[in-house]
Amino acid sequence: MTEAQLDPETLRGVIARELADARQRTAQLTDCLDDADLVRQHSPLMSPLVWDLAHIANQEELWLLREVGGREPMHPEIDPLYDAFEHPRAERPSLPLLPPAEARAYAREVRGRVLDLIDRSPFGGTRLLSGGFAFGMIAQHEVQHGETMLITHQIRACRGGSPVLATAAPGPAPADAFRLPSEVLVPGGPFTMGTSTEPWALDNERPAHTVDVSSFFVDTTPVTCGAYAEFIADRGYDDPRWWTAAGWEHRQRAGLTAPLYWSRDGSQWTRGVFGTTEPIRPEEPILHVCWYEADAYARWAGRRLPTEVEWEKAARFDPATGLSRRYPWGSSEPDSALANLGQQFLRPAPAGSYPDGAAPCGARQLIGDVWEWTSSDFRPYPGFRAWPYREYSEVFFGPEYKVLRGGSFAVSPVACRVTFRNWDYPIRRQIFSGFRTARSAGPEPA
Ligand SMILES: [Fe+2]
């Protein structure tokens, strides 16, 4: 999605393409499983995939056909079943959900009507329609569920389910990856954080505001499996010095000894990847670690996690112009030469990949590959206004959630911006989470 105002005809094309891309991925993630696998709950942390399927359609109906189009509800009796706030994930399998064939038929029916609506929409007059926002919100919603469904696939496959997803592997790191400095300097001073102009940005990314930051160093690439294995070998999981009090308590209670899906095979570590087991690849960014593990690693390394402000400044501040960029590389839309997005590959690319996608500071892979934990709690920006509904972000603000940035290989470009904010509990690691570390250029703040 471009930042410029598009004429309605072009916008119609963009919206139709984004919705079609999202639906294609939904189909790829659900058509490969039989009905029993779609209905089964593979983890209490995740919905049965058949819930995702009808929930995607239900949100599309609610926001596009009813709110924007003024249509009557198609099946009002099913609305409560697919309200994420009414039923936490753990209880969803006990609900009288639509069976797979009916869920698919419902999704097709809604989509057909939405395509009619797009043809007649003026894309103006109301805030929901301006710039096609409501359509963009729904396209982003579907691809976010595409990531959630991929997480369910990983859980299912690592619990013995047959591998059903096949993808190509990303290429090797470019030759210069081995000569990169381990960290890069981001100069101190004010910069613009957040956005007031990105048409499909969500409420928590708004408004743009100026933040002053002291100079800091940040890792050139995400922390790799090889580096993380050194932390394990140095008994990092056994040393409370590296862990916060809450982190140490969690590490003990949950029995953490390595990232999720890692196992010891003799002298080497292996990792489960969508149903296959392979030796860890030392050059690959670490994946499936919780915030407490990321934070402990950083302390062990004599560093710390970047704040969310630092992450965004590293990702977009251009010292040559003093301006904040739309993406680390500039303003062009993400493509396969710039970032690992969109489930093209089901794994992060080796550290140092995507030199063309580097930020002005020289850091690589800020967009795509792995979600990066930051040290920050999820908080509203100054001037935040909940929109279009409180439950989108506002109810999650507070110290219990940590912010992740940058998107993973599983995120589609439509839902990945340099301003995009994700949040989760510090114990979560089924998500596609990794991190990079930082340090202050001057004395560390007390
Ligand atoms: Fe949802």
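This is a predicted model: local features need pLDDT of at least 70, side-chain atom pairs count only at pLDDT 80 or more; totals for chains, interfaces and linings use all residues.

How much space lies in the largest pocket? I get about 1,500 Å³. Residues are numbered from 1 along each chain as its sequence is written, and side-chain values use heavy atoms, with hydrogens and water left out.

**Pocket terms.** On a 1 Å grid over the protein atoms alone, a pocket is an open set of points where a 1.4 Å probe fits, with protein on both sides within 12 Å along at least five of seven lines; lining residues have an atom within 4 Å of a point. Volume is the space filled by probe spheres set on the points, which are joined across faces, edges and corners.

**Largest pocket.** I found 46 lining residues, with A84, R89, H145, F396 and W423 nearest the centre. Helix α5 (133-158) gives the largest share, 9 residues. By class I have 25 nonpolar, 11 polar and 10 charged (Ala, Val, Leu, Ile, Met, Phe, Trp, Tyr, Cys and Pro are nonpolar; Asp, Glu, Lys and Arg charged; the others, Gly among them, polar). Helices (H or I, at least four residues) and strands (E, at least two) are DSSP runs, numbered from the N terminus.

**Iron.** Which residues coordinate the iron ion? I see H55, H141 and H145, each through NE2, at 2.2 Å. Donors are N, O and S atoms within 2.8 Å of the metal (3.2 Å for Na, K and Ca), and water is not among the atoms, so sites may look incomplete. The spacing reads H-x85-H-x3-H. H141 and H145 both sit in α5, 4 residues apart, about one turn of the helix.

**Second largest pocket.** This one holds about 500 Å³. I count 27 lining residues, the closest to its centre being D21, G342, S412, P413 and V414. Helix α1 (residues 8-30) gives the most, 7 residues.

**Sheet.** I looked up an open sheet of 4 strands, ordered β12-β11-β10-β13, with mixed pairing (two strands pair if DSSP finds at least two bridges between them). β12 (421-424) and β13 (433-434) are at the edges with a single partner strand each, so one side of each has no neighbour in the sheet. β11 (residues 398-405) and β12 run antiparallel, joined by 4 bridges; R405 has R421 in β12 as its bridge partner.
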